[in-house]
Amino acid sequence: MRRNHIVRFSMVLFTLLVFTSGISGAAEKPIVLGCPLSTAYLYGWDAERGITLAVEEINAAGGVDVGGTKRPLKVEVIDTRDLEPGVPVSEALLAVEKLILDRKADFILGGPVRSEAALAAMSLLSKYKKVSILSTGALSPAYHATVEKQYDKFKYCFRIHGEAKWLVKEILTCLMEIRDTYGLDKVFIMVQDVAHARAAGKILGDVAAKQGFDIKGMDIYPTGTGDFSMGLLKAKKQGAQVLSIWMDMPESAILLKQWYDLKIPALPFGSTLAAAEQPGFWESTAGKGQYCLANVVNAGNAPSNASDWTMKFYNAYEKRWGLPPEGLGSSSSYMAVHVLKDAIERAGTLSSDKVVAALEKTDLMGVYGRLRFDPKTHQVIPSFDPKEGAVGSIFQWQDGKRVVVFPSSVAMGKIQLPPWMNE
Amino acid sequence: MEILIYGTINSVALALYALGFAMVYGVSRLPNFAHGALYVLSGFITWTVLNTLGLNYFLSILVSFAATAIIGALIYQFVLIRIRGMEISEIIASYAIALAILEGMRWAGFKGMNYTLPVFIEGSTTIAGVTVDVHRLIVVAAGTALFGLLWVFTRYTRIGLALRGMAQDERAALMLGIDSDVMAVVAMGMGSLMAAMAAALLLPLGNIVVESGYNVLILAIAVCIVGGIGSWGGAVLAAFIIGFAQILTVVFIGPHFQQVVALFAIIITLILKPSGLFGQQKELEERV
């Protein structure tokens, strides 16, 4: 008899446990963030880390308030491999579709990382009506131009980091400062053979020439190039004083080592220079990266005081991952999650159309300044002033540290020239 | 002068990439598609021994030489020997091994741009008005010495002569008491050792990335096809042809087309002389 009671009591208890856990599970059904990222590459893993950090912070604070119900966030990552040479764009598209159909992603965040893949994925996002916030890698102006051209079709696509045209403006302004300070006006452009770099290199060359710079040439290097000596010697022979580099391939580190070894009298300016962005760059080049300038697209990816949140993010990232933010996708991917949370809470629903409307009204002070989207293009509004818009960061390697030197509103130091340029 | 100096450096680098591949194919008729993976693996072994065990740099290099040679020999002994003579299977199996090695390294965390090895001697010098960094000159000197040593080894040592015998006529070598399986293992070990030597010389110029395994394989195949698959001398000559063609392309057309040169050379060779410059395979068919 007593044994029967125990069995019955256990069964009731078990049923109650299952039932209550079912209820709580339903109440806390996670919001799935699908992240198509090229995880073996800097712009993939930095974004993954930024997103994960933000998700952990939000979940620790109780989750996202969706119409009065707190729901946690869940990250689903698929490696798109789109930054790897020779991997077709279709791989990234498969990853996006799998995230939507198989992993049941409510939103797409982060990538695809390569511009070509991101552009190709726009139709998929439109087909499935999935809100996406690009936060790393893809810099092509064609992305937001496409949204503007066919708003109704592509209104689900947002980009929260800087794009090539703005970067060109930023770089040009910085180049003009260098010209005013040191008299360097002869520029040689070296770009990687990918859409955003080719386009940006051409735009930079045209615009800089109009501003009175003497453009000595533009070399395009296929992804995977391992020797830049002939290009560097050509730049030297033509009297270049600034090397404008636009490359996200790992081999760009070779370019900088060769620049140092050959003592090329031209300041290396990485408009996009993945190798130089990483804190480990100094050790890996044994200090040969000294004086190299690199654009990390948004503040927060290198130490500065752009906003009250900048160093909080920087330190939290370092504490969580054991190293400082590395690439251009760190702070923007982190902010993409916070901006999405803010939009969902204002919309009170996960409905794509309502979240789109809420994202268009976003206005919050983030890690890299005031974050707002242009309602027509869905591109984050940039500025040189963090109080007005998303502010960028150009830093220079100085004695093993990444010192932000531009824009002046967030600068922590001044640009220096290598000694062989002063001779 | 720039073209001459950098053309020579580029050519020696290409020859270093290709020599191990040519040796393995020459002796055992095995297209070792894991060659590029062994190159990268060797670099990561050196890096790991140097940075985690704290061993002296040159000792670390020696450890990687030994480890890569042994791994190459084991790959042959335990996998490839079973499918020897079945060319398609050999290609598929060795490429699968390459993928396993390269993607395994990526999975193990060897990704990113921070894996680098120090150059042997820092600094640069000027030759006839052209600035060259010292390590590149070391590459040329060490590469030339390696080709010389290989020539001596294959002509004046018992193992070297046995390898040449195998390369010329395996059945005749068998009749003379040469164990073809043992020699094939030795050739694979030596081919892997050469990949490791190329890595030790060339990787300090850049960084160690998994993707370079695929590039090295493509370049090695291009050099061997142009030179004549299996011909060691042909590989060296082809390396110089492609190496200079690449540098001339960079100077007169643009770096954009540099990587096309190797692939273009493969196509031209396969159309005009499929056996390559010094290849004996298919030569009779071509004459007929």
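## Elements of chain B

Helices, at least four residues long, and strands, at least two, are DSSP runs numbered from the N terminus. In this predicted model, chain B holds 12 helices and two strands, and along the sequence these elements follow the pattern α-α-α-α-β-β-α-α-α-α-α-α-α-α.

## Overall form of chain B

The C-alpha trace of chain B spans about 55 × 45 × 35 Å along its principal axes. A compact globule of 288 residues would have a radius of gyration near 19 Å, and chain B, with 19 Å, therefore agrees with that expectation.

Of the 288 residues of chain B, 51% count as buried. Where contacts in chain B join residues at least 6 apart in sequence, 73% of them link residues at least 24 apart.

## Domains of chain A

Chain A is divided into domain 1, made of 30-162 and 306-371, and domain 2, made of 165-296 and 393-422. The centres of these two domains of chain A, taken over C-alpha atoms, are separated by 28 Å, and their contact takes 17 residues from domain 1 and 17 residues from domain 2.

On the side of domain 1 of chain A that touches domain 2, the elements giving two or more residues are α2 (42-60) and α4 (115-127) of chain A. By class, this side of domain 1 has 10 nonpolar, four polar and three charged residues.

## Where the chains meet

The contact between the chains takes 31 residues from chain A and 27 residues from chain B. On the side of chain B, α1 (2-28), β2 (130-133), α10 (232-252) and α11 (258-272) each supply at least two residues, and the residues of that side divide into nine nonpolar, 13 polar and five charged.

Technical notes. Residues are numbered from 1 along each chain as its sequence is written. Chains are lettered from A and ligands numbered from 1 in the order in which they are written. This is a predicted model: local features need pLDDT of at least 70, side-chain atom pairs count only at pLDDT 80 or more; totals for chains, interfaces and linings use all residues. Domain bounds come from an automatic or database domain assignment. Two residues are in contact if their C-beta atoms, placed from the backbone, lie within 7 Å. Ala, Val, Leu, Ile, Met, Phe, Trp, Tyr, Cys and Pro count as nonpolar, Asp, Glu, Lys and Arg as charged, and the others, Gly among them, as polar. The radius of gyration is taken over C-alpha atoms; the globule rule is 2.2 Å times the number of residues to the power 0.38. A residue is buried if 20 or more other C-beta atoms lie within 10 Å of its own, exposed if 12 or fewer, and partly exposed in between; C-beta atoms are placed from the backbone.
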